[in-house]
Amino acid sequence: MAKSSIRMTAEERRESVVRAAMIEFARGGYHGTSTEAIARRVGVSQPYLFRLFPGKQAIFSAAAERCIEETWRAFDEASAGLSGEEAAEAMGGAYLALVEDREQLMMQMQLYVSVFAARAAGEDEVGETARRLWESLFERVRVRLGGDLKSATAFFGQGMLINTLVALGFPQDHRIWGGFDECGQGGEAE
């Protein structure tokens, strides 16, 4: 009897590479992650990986784009039909749920760190990509909040605090999260 195998399309394989890259880059950063590790996680050879993507920067850019788009998707779904403070509260709650996936959070944080590291190595494309993606996310949130720059800045400021607390491992019932209740965003006070 012939053994049947299900072959992935190039697009499906590309998708699996992006997912694997998010995990590897989240754990090791841009410079600490080898394309060999990504290929190994996917189960393909490095030459095949480079048929799908022209180089490491392109893989990182695709992973970064996926990370930011998943963040927007969570915000968009949670705040559909809302604006202003209601939208901010809904997006804040969605963000707390999203960053429970530590690899999602760490990929986002590696994106920020990698800009500095890549620039030091003369690889400005990483920074250009990161700034473009982040600015796009900021603008979409600003519009959802009603167009106010100050509200969007405050929202992202709270998001960065959430990133810090989650990355440091503070449980959501720790007293330090209590300030979010006072400003209407996520977290549970003791």
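**Notes on an all-helix predicted model**

1. The protein has 190 residues, and 42% of them count as buried. Buried means under 20% relative accessible area, exposed means over 50%, and partly exposed lies in between, with a 1.4 Å probe and protein chains only. This is a predicted model, where local features need pLDDT of at least 70 and side-chain atom pairs count only at pLDDT 80 or more, while totals for chains, interfaces and linings use all residues. Residues are numbered from 1 along each chain as its sequence is written, and side-chain values use heavy atoms, with hydrogens and water left out.

2. Now the fold. The secondary structure comes to nine helices and zero strands. Along the sequence the pattern reads α-α-α-α-α-α-α-α-α. Helices (H or I, at least four residues) and strands (E, at least two) are DSSP runs, numbered from the N terminus.

3. Overall dimensions come next. The C-alpha trace spans about 60 × 50 × 30 Å along its principal axes. The accessible surface is about 10,300 Å², and 53% of that belongs to carbon and sulfur atoms. Such areas come from the Shrake-Rupley method with a 1.4 Å probe; for residues, only the protein chains shown count as cover.

4. Look at contacts too. A contact means heavy atoms within 4.5 Å. Take the contacts between residues at least 6 apart in sequence: 62% of these join residues at least 24 apart.

5. Two spans carry record annotations. UniProt, in an unreviewed entry, places "domain: HTH tetR-type" at residues 11-71. That span is 87% helix and 0% strand, and its end C-alpha atoms lie 22 Å apart. UniProt also lists residues 34-53 as "DNA-binding region", again in an unreviewed entry. Over residues 34-53 the chain is 75% helix and 0% strand, with 14 Å between the end C-alpha atoms. UniProt positions follow the numbering used here, feature names are shortened, and annotations may be inferred rather than shown by experiment.

6. Pro47 sits in helix 3 (residues 46-52). It counts as exposed because its relative accessibility is 54%. Glu36 is eleven residues away along the chain, and the C-alpha atoms of Pro47 and Glu36 are separated by 9.8 Å.

7. Leaving out residues up to four places away in sequence, Gln110 touches Phe25, Ala26, Gly28, Gly29 and Phe60.

8. Two loop residues deserve a look. Gly81 lies in the loop between helix 4 and helix 5, and at 81% relative accessibility it counts as exposed. Gly81 and Arg144 are 63 residues apart along the chain, yet their C-alpha atoms are separated by 9.1 Å. Gln172 is in the loop between helix 8 and helix 9 (178-182). Gln172 counts as partly exposed, because its relative accessibility is 26%. From Gln172 to His31 is 141 residues in sequence and 32 Å in space, C-alpha to C-alpha.

9. Rolling a probe the size of a water molecule over the atoms shows where empty space is left. A search of the whole structure finds one cavity of 30 Å³ or more. Here a cavity is a set of points, on a 1 Å grid over the protein atoms alone, where a 1.4 Å probe fits but cannot get out; lining residues have an atom within 4 Å of a point. The largest cavity holds about 150 Å³ of space. Grid points are joined across faces, edges and corners, and a volume is the space filled by probe spheres set on the points.

10. What lines the largest cavity? There are 16 lining residues, with Phe75, Tyr95, Gln108, Phe156 and Gly159 nearest the centre. Helix 4 (56-79), helix 5 (84-98), helix 6 (102-120), helix 7 (124-144) and helix 8 (149-168) each give two or more residues to the lining. Helix 8 gives the largest share, six residues. By class, the lining has ten nonpolar, six polar and no charged residues. Ala, Val, Leu, Ile, Met, Phe, Trp, Tyr, Cys and Pro count as nonpolar, Asp, Glu, Lys and Arg as charged, and the others, Gly among them, as polar.

Technical notes. On a 1 Å grid over the protein atoms alone, a cavity is a set of points where a 1.4 Å probe fits but cannot get out, and a pocket is an open set with protein on both sides within 12 Å along at least five of seven lines; lining residues have an atom within 4 Å of a point.
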